[in-house]
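Subject: Structure handover

Hello,

Here is the structure I promised you. Please open it first, then read my notes beside it.

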Amino acid sequence: MGIDLSQFHHIFFEESFENVDLLEQGLLALDITQPDVETINTIFRAAHSIKGGAGTFGFQMVADFTHVMENLLDRIRSGQRTLDQDVVDILLGSVDCLRMLLTAAREGGEPDRALCVAQQERLEAALSDSRPASAEPAGEGEEGADSASARVSEQTGWRIVFHPHPELTQRGNDPLRLIRELKELAPARVTCDSSQLPSWDKYEPTRCDLIWTIELMQVVPRAQIEDIFSWVEDECDLAIVPMVKNVVLEGDNSSPSQASQESRPIAAGVSQIASMTEENENHDKKSGQVTRPPTSLPSGHTISQSIRVDLPKVDALINMVGELVITQSMLNMLRDEPELQGYDRLHEGLAQLQRQTRALQEGVMQIRMLPISFCFSRFPRMVRDLGRQLGKDIELVMSGENTEVDKTVIEKITDPLVHLVRNSIDHGIEPSEAREAAGKPRTGHVWLRAYHQVGNIVIEVADDGGGINRDRVLQKARERGLVPADGRLTPQQIDELIFEPGFSTQEAVTDLSGRGVGMDVVRRNVQALGGSISVESEEGKGTTFIIRLPLTLAIMDGQLIQVGDETYIIPLVSVVESLEPDRAMIHYVGGDTETIKLRGEYVPVIRLAEILGVHQPVRPALEDGIVVIVETDRQRYGIFVDDLLNQQQIVIKSLEDNYRRVPGISGATILGDGRVALILDVDGLMGLLKEKEGMVHE
Amino acid sequence: MSDIATREYLTFSLGDEVYAIDILRVREIRSWETVTRVPFANLWECGLVNVRGAIVPVTDLRRRLGLSTRPFDKHTVVILVGRRDNDRDKICGLVVDQLNDVISASATSIQDAPRFRSRIDMRFVSGLTEHAGRMVILLNLDTLFDTQAGAVPADLEGETQ
């Protein structure tokens, strides 16, 4: 063939690195006391894909190395090798080695052969270890046959998942006849899954929407079973799986895909016609395939409905949509023009344009969104390795891995998170003995959580360690002159000190963290993403770091407001309500701080015109203007403005591109008439007010 | 003297005085348009304008140099210039009374800024030259936008307000 394979190299490497990650995740997810068959299969497939690809593209070292790994995995899969911590460790070491080999192959560099050989030997030792009876590590072909014979001795019967395509009955086949024939072979337990049946109004009597699971309770030659199905082979999804005693089968086995994931290779000859499980899941009607374990075809299982696109292309698209949103809001302003009244179709068109622009924008933003698991996935390994290194028993609990965030956020938040997690393990969680002495469970916990909260992504890193030692933090801060010697600080303020530049309480600098480059860098990185970080700590109980990040970095819904002759934008997600207060609602605290009483709660009000130095507010008295109640993660307060204008989508532009950060302002946007308007930072405004009050009181 | 040492400058006037900046730094010239005021800005920062989707700050050069102010009129223009700040290219606007000309000046014809007290902060001046019999003040754009470098001299502040 005259095809230049090198053009596919980058795809191979991209896929292989993804598969290496899968391998690693799978290994870490394995519970050695009760290995999940599906996970083992995933691991196996990942290794297999790498091997196949490496062979095709001529990366022989990668192929050879993966081959040995695959053999070991296959033993585990077939239950010939029991899974223990040692094997997992060896396999994890091999993952590192594989990554190194792939990196070397991609960059054309020289791999560390010694490491590779040593690792390969370890793998082979583990392989031969698993075979007390016959010793030599087998090649692929004979190896398949071997495992088949080994399996038969443990096999108790066959599990057959028979999923006829809907048109099977239309072609004159009778599923019941097939099942009856099976029952003649051996005693069978038959279950039928009718969950795919459509509702009555859509029901078609000639279609077959049932899935059967037949468990033959005796071992019969596989060929006999295949014979029975030979006439309908093309019209059903079929999985024939040996039932084996020593494998824990979990859950509902009614779906063909799941059953086939539990399957093991039967014989080398048969497996060559194997087709991919994932493809079968699509129920492709034209290609009725017999589901066999995916043992020998390379990497087809990664085929999904996706394409790889260069990020700059996506970004160009997003920018374009941003411009479109501005244009759309400009057109929207025309709706109120007196001379355009009465043109109903124009107005309809404008409303439609608005809806479509919004849909387009949401769709485009979705392209950049990825589940945060892309970032979280590295932590299980890290926590495990660090825990071992420090001799601490640590369990990582993750939640919300599917929370979607912007790709940029994933790229930029990973390092700060790594730092926080390391920090928790190194400084937060006490050694096991100290934990026992304190009456806590020996195993320390680190939690990594992600979730959405009013327009923000919240990521928490929590531990159940010793918490922040406030006395030491304060002492350290005084030594460094960060706090005056007699300054009084609230516990919260003391905790916040750890974000100061150059602050580290750990006396002994460890390999892991605490070189003085620390929390201040974390905070700066988070702020660069437009987010904030806070810490909550209870001595002896643990520490929680809370990172809040904006959901999207480009477009949001805004409430336009007017003060004097200036227009500002409040992010709509922060707005709780807007109201015209009457005199009875207004109360004063200490003579000057205005509050309004809202459903029994006193809410402080800030005058935007005063805080931002607007020249002439039109309405001096609270009862003449409008109070917009906003909510931050810390508190609720009112912003006093002259008028509410419209709500619209705004494209967020950075002030720092050409200017600098402005307190109380999170960014800017361009209004429909081409003017620049500033977006209020509701968190920052409150801070400004406190600063101002602080100055007054001092 | 070879041509290599000759550079071109854009000249403009503030009142009766003629100033000039390196023409290679000039990106665009726009007529004056309403700006959006920024809170907590320095006195000489008029506000922000939209330049084809980019948010660009505009500096009132009279105020920056500590000269007396006057209302903007139809001759008032905004010169957009490029500068580097923290390894990033930024664009800023300068409001001037009126545009004059593009002149060439050789390195030898440029005289160092004299070290005497003048109405304007000498850090903003990179040199003096002459054109058509008039003195031209060459401005140092980098110090102009450096917010750390001295604000309006204290004794002149009252006048500018």
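Start with a sheet in chain A. The sheet is open and has five strands, in the order 7-9-10-12-11, and their pairing is mixed. Which strands sit at the edges? They are strand 7 (394-399) and strand 11 (532-538) of chain A, and each of them pairs on one side only. On average, neighbouring strands of this sheet are turned by 15° against each other, direction ignored. Keep in mind that this is a predicted model.

Strand 7 of chain A runs parallel to strand 9 (residues 444-453) of chain A, and six bridges join the two. To find the spot, look for Glu395(A), which stands opposite His445(A) in strand 9 of chain A. A helix packs on the sheet here: helix 15 (residues 379-390) of chain A touches strand 7 and strand 9 of chain A. The direction of helix 15 makes about 165° with that of strand 7 of chain A.

Next, the cores. In soluble globular proteins, nonpolar side chains tend to be buried together. The largest nonpolar core in this model has 79 residues. Ile570(A), Leu608(A), Ile639(A) and Ala20(B) have the most contacts inside it. Strand 23 (residues 676-680) of chain A gives the most to this core, with five residues. A second, separate core has 38 residues, including Ile394(A) and Met519(A).

Take Ala20(B) as an example. Leaving aside residues up to four places away in sequence, Ala20(B) touches several others, among them Tyr9(B), Ile103(B) and Val136(B).

Strand 23 of chain A also belongs to a hairpin with strand 22 of chain A, with five residues between the strands. Gly674(A) takes a positive phi near 90° in this hairpin. The two strands pair in the antiparallel sense over five bridges. One pair to look up is Gly667(A) and its bridge partner Ile679(A) in strand 23 of chain A. Is strand 22 (residues 665-670) of chain A mostly covered or mostly open? Strand 22 is mostly covered, with six of its six residues buried.

Last, the two chains together. How many residues of chain B are in contact with chain A? There are 16, and they meet 20 residues of chain A. Strand 4 (45-51), strand 5 (54-60) and strand 7 (88-96) of chain B each give two or more residues to this side of chain B. Strand 5 of chain B gives the most, with four residues. The residues on this side of chain B divide into 11 nonpolar, three polar and two charged.

Best wishes

How values were computed:
Residues numbered from 1 in each chain as written. Chains lettered and ligands numbered in written order. Predicted model: local features only at pLDDT ≥ 70, side-chain atom pairs only at ≥ 80, totals over all residues. Pairing = 2+ DSSP bridges. Axes fitted to C-alpha atoms, helices over the stretch in contact; angles between N-to-C directions. Contact = placed C-beta atoms within 7 Å. Core = buried A, V, L, I, M, F, W, Y, C linked by C-beta atoms within 7 Å. Buried ≥ 20, exposed ≤ 12 C-beta atoms within 10 Å, placed from the backbone. Nonpolar A, V, L, I, M, F, W, Y, C, P; charged D, E, K, R; others polar.
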